[in-house]
Every structure is written in structure tokens, then in C-alpha cells.
Amino acid sequence: MNAPNKSGWKPEMQVADDGFAGGPATTTGNRALMLEEPLLFEIGRADVTGVDLPSLDPARTTRLGGLERAEPIGLVGLTEPETVRHYTRLSRQNYGIDLGFFPLGSCTMKHNPRLNEKMARLPGFADIHPLQPQSTVQGALEVIAQLGEWLCKLTGMPGVAMSPKAGAHGELCGILAIRAAHTARGDAREVVLVPESAHGTNPATAAFAGYRVEDIPATPEGRVDVAALKARLGPDVAAVMITNPNTCGLFEKDFREIADAVHAAGGYVYCDGANFNAIVGRVRPGDLGVDAMHINLHKTFSTPHGGGGPGSGPVVFSEALAPYAPLPFVRQDESGAFYLVEEEHREERGPSFGRMTAFHGQMGMFTRALTYMLSHGADGLKQVAEDAVLNANYILRSMEDILHAPFAASGPCMHEALFGDKNFGGGLSTLDVAKGLIDEGYHPMTVYFPLVVHGAMLVEPTETESKAAIDQFITAFRAVVERALAGDEGLKQAPYYAPRRRLDETAAARKPKLAFEG
Amino acid sequence: MRYLPLTDTDRAEMLATIGAGSIDDLFVDVPAVAQLDGPIRDLPMHASEMAVERHMKSLAAKNLVAGDAPFFLGAGAYRHHVPASVDTIIQRGEFLTAYTPYQPEIAQGTLQMLFEFQTQVARLYGCAVANASLYDGSTACWEAVAMAARVTKRSRAVLSGALHPHYAEVVKTMAQFTGYTIGDALPSITPDPELPGLIGRIDEDTACVVVQYPDILGRISDLTPIAEAAHAKGALLVVVNTEPVALGAIKSPGEMGADIVVGEGQSLGVGLQFGGPYLGLFAVRDPKHVRQMPGRLCGETTDAEGKRGFVLTLSTREQHIRREKATSNICTNSGLCALAFTVHMTLLGERGLRELAAENHRLACLAADRLTKVPGVRVLNNGFFNEFTVMLDGKPAREIVRDLADRGVLAGVSLGRLYPGVEALQQALLVAVTETTTEDDIEMLATELEASLKETV
């Protein structure tokens, strides 16, 4: 499993702690390909533009209602070559999947196929307006319908809402549908139960929708405490929100039993689908009694994360909740034409709880996700889940002898392996291990989440890594962990070789500087 | 399968390391009721790049591309020319395939870009601080209402009748679950926004007044009187802008006393994309309100060697720290669209944005003058930027728009589409004009509109 670097580099070729490898300081602060870049506002000029307009007729009269802008806006411009260089240089200070292994747990940083990008840019998808007459956008409506159908079949759920803009927006969509369903039968329930290991968005969403949130404890093996959950069910509980596979990396094997108990008590089951990649094409949540589940297209279906979005969070629904799905949604008439059901369709909209966003959802993400699904097919998606789970278990079993794996005895993990910081020496922490991995050329795993494990490290390799890449990661991860166990003081100052050393987050928050001044 | 690097030999070796007999052994915790005996039925099997491309192209071909017809739609989404370098930059893998910058030492590219973005948005809006983006204008509008309620500890919002009806619907949908009271209205068909009516609806329980600028009918008015009236009652003024290019020509909302300015950033860099992904902009005029803001904020700091660097900051407002006490549940925002906006704005700069705004306005004036010459057509607006309302002589605008689409002209957005069933608005058509509109396009719209009006009873 030892996988040395084959580039000719040898471990004895050490560089100094400051990364200079014994060379002299430079006048620019640059180090060959490692380039410092000033802020736009330090290099741009107010009178420079990188855009030529076809005509610049002087305005004759204006009809701006007497509100002509008198003061400068305070913007600066760059010509095209300067713009391209500025942002290219900035890009080189970023880590991305294209650059290397990015095992950020619960975020599913898989390869983003470039065909998806190409398809999303077809003018027939990229250059159409959301309010064009519907006869002129039949292909776009069909994409929404086809993607919805794939999602329903993959989850075994009959209804789908396509408009939510990201995972948390999808959670909100599901919880609002649950609230609407209770309200419709005059049932004013106030509580949503959320396991301690849940993503922060779960309790935030339930609270945003007006619910009181109560925690459900976990068992020592890392799953929902079914007895505690059942004991808490009652006429005031509107729903439970459970992530499955859960954030400890385990399948909730009692999910069906939980769902049946929740239903018997008059509540609904919300499943956080953030970890759907572990089971896509292999397990259908509908078979487990789920009433609503969001699907992060930017995780399981590979639409790019883009440095923090845009995402897309369609929600699949059971029969019970489907009628409450938000507007608009796509239907097909007898002639086969697609149309949007909106506010004006008073009968067809039924008890829909309303509208969550101005238009119809993240079309640009739909085209990418549909392209991804068509590429993989039912067989390829099943293989996705299997390889993702295989890779995670391989990492779990390759690390558990030296790194505390609190739930290693709870059965196989799903698509992510969870570790804790037990036995680290010299006051070293999970953060130090993460920063050490940066020096080794990796994006760290998710750290300090889930909250149920001390110093949690959540490693999600995804299915798009080769065995060689995973072996090399394991080699590096073990080396850094061994330094942590040995109490290697040097780790506290890592990273040494990143574009920046550790950043002072406390100072940033104490005296926030959130815009350029000057 | 071209995206899956493991070979069967790899898989066998890895299973052996794990100590599992087969892949099924790793799924033993899935209950029998949910075990499937093979790939999910009724779905196709994997396909080649060529086959997938053929399928997607056949769907794309069923749409009428905006750039292939004279095009005049707006109402919250505008067709502007996006310079070629914008798309090249956002496709760099280091931006495209990065995640939220949780590890700032290896995410300075995204973070510095967000700091530049926040500065550009704050200056454009006349505000002190902008966040790192929300999903889109409509969800930003709701977040502003929720924030105003937190700041004022009041729960009533007054919406201008000339707020985009979909934005109003989003606010009303959310409010019905959160116990907020929303006062809304329909737009009045008048040449200028009706301010006295709106001001009269502000009272001591009002958390905020929400006004769109330019409004849904394209009208522009000085917001100072509304700001003063709101502030006199202890309420905040929330201003919604759906066309950022307008702010290259007209005063910023912040200058006129807006407390929270939100909007849609799609016009710059993002493209139409059938409604998403778009870019929610969110800014506050007074820095003291920063800790009540939703969403990510990027701040400046230094690293251990004293070099300048950037981090996500004030995260104690956010869901991953505060959980049910967070200011919003938002996590993923619209990072790559923010990059597209910032690159486009950098290419424009102060001078380019002002020139772009002037060109939009010049062509819009030209279009308004030309349409006025069509018999029966009247331009409603006194003031406008690049979008205005025309009245069609009592004819149903929605049908006219459909008819014009059949004639190859995408004529605008009928108010009938936006306000179905509201009789007084059925004859109104919203026409948007940008730098991509040619004088020939305007002539064709006028000619075909005249023909269509003659043939429609």
C-alpha cells in the first residue's frame, strides 16, 4: 500500500520550513510559479474598460426621472489581458478536484464531467428566458420533466419539486410541505426531531419554518437511538429529519422501523439526501418509508461546486406530501405539450404551499445533472454507489490501526469514513492534521463534523478516484497521523507550503473588514 | 464507464484488504425490504458521450434561442452581452471544482474574488457591506424581510404593489409559515410609482417597506420620501433591484436612504439560462446591521507571517455553528455566478458600466419612441431605464405576445403572464431593451406589433 511519488522526488530531498529550499528571498515576493496578486482595487482604474460597445452615441435626452447618478460608483476596470491574468493568478491559489484528491466528507467532491459543461452551454438551454411563451421552450420544460422522472425512479418516490435552489432550500421545501400537510388537516404540531449528528442546516431549516427543534441522541454505535426517538413521538411531533446514510458514515438500518413509528404517531419522515451518493442506483429511499428528501445535484449528480455554489436541491415526495409541492411544476397535456402549473391554475395547483423562487429552478444544473445521469445509466449509477462505498471502506480499514475510528465496529461504512482525534500527542488536534495534509498536497477532509465525535475527521473519497490515488492519500494520511500521535510540534505551524500560512480568523471576526477601503 | 477509474482487479484487491467477500457485504445494513436485485428498471443503461450529446442537442433544438429572434423580455431576467473571457475564467478547474473555502490557506483565489465581489456590490448599491451572495433576487428579498424583522423585532412587512409578483409570492409563501404579516397590493397603472398610497400603509408595527427600483413596470422614482417615512415609524427600507446595469445610470438605493438593498445579479456575467442559476445580491447600508445578515461573509485578515489573506468570517451567524439559532439556513450560495459577475464587472469598470447603462437607456428611449408611433399603443412610463410598459389599446397582451412569437418576435412579458386574472393589467406589455437589441429588432417589433394588433380583436 506504500505508494511513493514517481516523479523523481526522494524523501531525503527536504526543503526548509519556510519553503525556500535554501534559495534567496525574491524582490517581488513571488516564488517562480507561486505568484502574489494584489486586489482588483489596487490595480484597476476608473477610466479603463475591457468592454467595447458597438456604438457610443452621446445620449440626447434621458428619461431617468431626474435620478441621474451624479457621484462616482467607485468601481475600477481592467482591460481583457489584465482581467484574464488577475483571475488566472487568483485561481492558482485555489485547490480544486481537477488538481487533486478532495475527500471533504458529506460534500461529495467527485469529478465534474466536462460534457455536462458543454451541454449546459448549448444556446438552446443557456440563452432562453424563463418567461418566454411556453411554446418556444418545450425542450427546456422537457429537460425538467425528464430529470424529475429520473429522480422519482431512482428514489422510488412518486412526486418531485424541481425549483429549490440548493440543499438547504430543498430541506426548507420538504419541511414546508410537511407543515402544509399538517395545517390542511387542522393539526398544529410544533416540534421537529433532529439527531445530534445532523447537518446544521437541518435544525436551522426547521427553525426557519417556525418549528421548535429537539435533539434525538445517538447510540454508542453511531446510529439514531430508536428507543429514545419512539419515546419522544407524540401528537406534537410534526416530523423527524434523518440523514441516511448518516453523517457518521453508517446506514440507518432501522430506518423503516423509525418511519413506521413516526407515521403511526401522525408525523412525517424527512430524509436529508446529502449522502445519496452512497446508495444511488442501489437503494430507493421510497422503499424505506421516506416522505420527503432533497437531492443535492451538486453532490450525487456532479454539477460543479463552483467555490460554494450554485447548487440545486430538488425534493422527492411520497403520495402523502406530493400535492403540497411548490409552484411552478411541469405537466404534460393530452397533445404531449409541456406546460408550467403556476398560481393561475387554481384547480391544478391543488393545495401547493406556494412559491419558493422567482422562476423554475436551477436549469443550468438540470442540464448538467441529466447529462450525467444519461452518461451513467441505471447500471453506471449503481456502480457509482458501490465504488464510492468500496473506496471509503478501504480507507477506513487502512487507517483504523493507527487512527481512532469510533464506529469501525458498527459494520461497514457507507461512502465516508469517520475518525476522531484520540491519542494525539503534544496538544495536537484535528486541525493540525488537516493543515499537515495541505502540505502533502491534499484538500483536508471535513473536520469537527459531525459534532458527536471529538475532533471528527470525515473522509469521503467518492468513486472517481483511482486505487493508486487512494493508496497515495493513505500513505500521506498515515504519515501525518503518525506525526500527530508522536506530538510533532512542527505540525502546529502547518501548512508551510500553501499560498498562505494559518490565517488569523479571530482577528477577522473581532474587527470585520468586509470591503476594500480606499 | 469513462468516469470510474477502478478496475475489477482493483476492486477485488480492495475487498480483500477490507476483508469483505463481495460488494454486497458492504451493504449488509440495508434492510431486505430495500435490497434490489439489479440496476433500477425502467431507466436506460450507460451511454457514450456521443449518444448523450445527441439526446441533449435534440432537446435544446426544441427551444427558440433568444439570440435568434428580436428579443424584448425582462421582468427580472435580462439578456446582456457577456464578454468571452468571463466564461473562460469561470471554467478554470481551480474555480469550477473548488468548494466553499473552509480551508482558507488553499482557497485564497475564491476568497479574494469574494472580497472583490462584496466590494463591487456594496459600492454599486451605495452600501457599506455586501455578503458573498444568496441564491437569487427573490430569495434575497425574503431574507431581507426576515432580517428586517430581526432588527426591528416587528413582524409586519409592507410590500409595494410594484414589486415583482414572483418576489411577492416568495415572501408571502415564507411568511405564512413564520407568523409574519405581509401587506401587499397590485401595481397601479400610472406613469409614476404611487408613493402616497405606499407611505400611508407604514405604521408603528411595520418592520420594513419593500420597494422595487426600477419597479416591475420599469418606473423610477426618488426613494428618499419613502425612506424618511419608514424611518419616522422605526421601520427599515428594503430596496429590490432586478437590473444592476441600471445603477450605472441612476442613483444608488443606499444614497436615497435604503437600509437593506437586495437584488438579482444575473444581468452581469450569468446569462438567461431559463431562470437559473442566478445570483442573489444582499447589502446593508449601516455596518451595525452586519451581524444580522444572512449568508457567507468574506473578511480580510493576516496569516502567521503577516501576509494579507482572506477568510470566511462572522460565521457565528450561520447554520453550521448556530444551528436552530442561525440567521438563515443557507449553506451553498451562488459562488461561481458571483465570480462571473465580478469578472464581468471588472471588465466593465466604472467607465464601462456607465457606458453600458447609457447605451441601454438610449436604445430603450428609441424603442419607446418607435412603439408610440404604432396606432393604439401608448407608453405608460414617465421615467424608465431599459424597460417600460406599453398599453395595447385594450387588446390582451398575453395573446399578442404568443402571436408575435409565432411571427418570430419575442416581444416582451405580458402583465397577463405575471398577474393572471387581474383585468386592469391584461392590456399591458413590459418591453425590455439592452445593448444586444438592434435598431432593426426595434423596427421589427413595431411592425409586427402593429400587424398583430390589427388582427387581434
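Predicted model: local features only at pLDDT ≥ 70, side-chain atom pairs only at ≥ 80, totals over all residues.
Residues are numbered from 1 along each chain as its sequence is written, while chains are lettered from A and ligands numbered from 1 in the order in which they are written.

**Chain A overall.** The C-alpha trace spans about 75 × 75 × 45 Å along its principal axes. I found 13 helices and twelve strands in chain A. These are DSSP runs, numbered from the N terminus: helices are H or I with at least four residues, strands E with at least two. Of the 518 residues, 58% are buried. Buried means 20 or more other C-beta atoms within 10 Å of the residue's own, exposed means 12 or fewer, and partly exposed lies in between, with C-beta atoms placed from the backbone. I also looked at contacts, where two C-beta atoms, placed from the backbone, lie within 7 Å. Among those in chain A with a separation of 6 or more, 74% join residues 24 or more positions apart.

**Where the chains touch.** Chain A puts 177 residues into the contact and chain B 170. Which helix gives the most to the side of chain A that touches chain B? It is α10 (residues 363-399), with 22 residues. That side has 84 nonpolar, 56 polar and 37 charged residues. Nonpolar covers Ala, Val, Leu, Ile, Met, Phe, Trp, Tyr, Cys and Pro; charged covers Asp, Glu, Lys and Arg; the others, Gly among them, are polar.

**A helix pair.** I then checked α11 (residues 430-439) and α12 (residues 467-485) of chain A. Their axes are 9 Å apart and meet at an angle of about 140°. The two helices are therefore oblique; under 35 degrees would be roughly parallel, over 145 roughly antiparallel, and 65 to 115 roughly perpendicular. From α11(A), the residues A:D432, A:V433, A:G436 and A:L437 take part. They meet A:A476, A:F477, A:V480, A:V481, A:R483 and A:A484 of α12(A). By class, I get seven nonpolar, one polar and two charged residues.

Most residues other than glycine have a negative phi, and most peptide bonds are trans. I looked up the exceptions here. A:N244 and A:P245 are joined by a cis peptide bond, omega about -5°. A:P245 sits in the loop between β4 (237-243) and α9 (255-264) of chain A. Another cis bond links B:G276 and B:P277, omega about 0°. The loop between β6 (260-264) and β7 (280-284) of chain B holds B:P277. B:F274 is found in the loop between β6 and β7 of chain B, with a positive phi near 55°. Is B:F274 buried or exposed? I count B:F274 as buried, because 31 other C-beta atoms lie within 10 Å. A:Y448 has a positive phi of about 60°. A:Y448 is partly exposed, with 17 other C-beta atoms within 10 Å.

**One residue of chain B.** B:V401 lies in helix α12 (residues 397-406) of chain B. B:V401 is buried, with 27 other C-beta atoms within 10 Å. Beyond four places in sequence, its contacts include A:P133 and B:L429.

Notes:
Axes fitted to C-alpha atoms, helices over the stretch in contact; angles between N-to-C directions.
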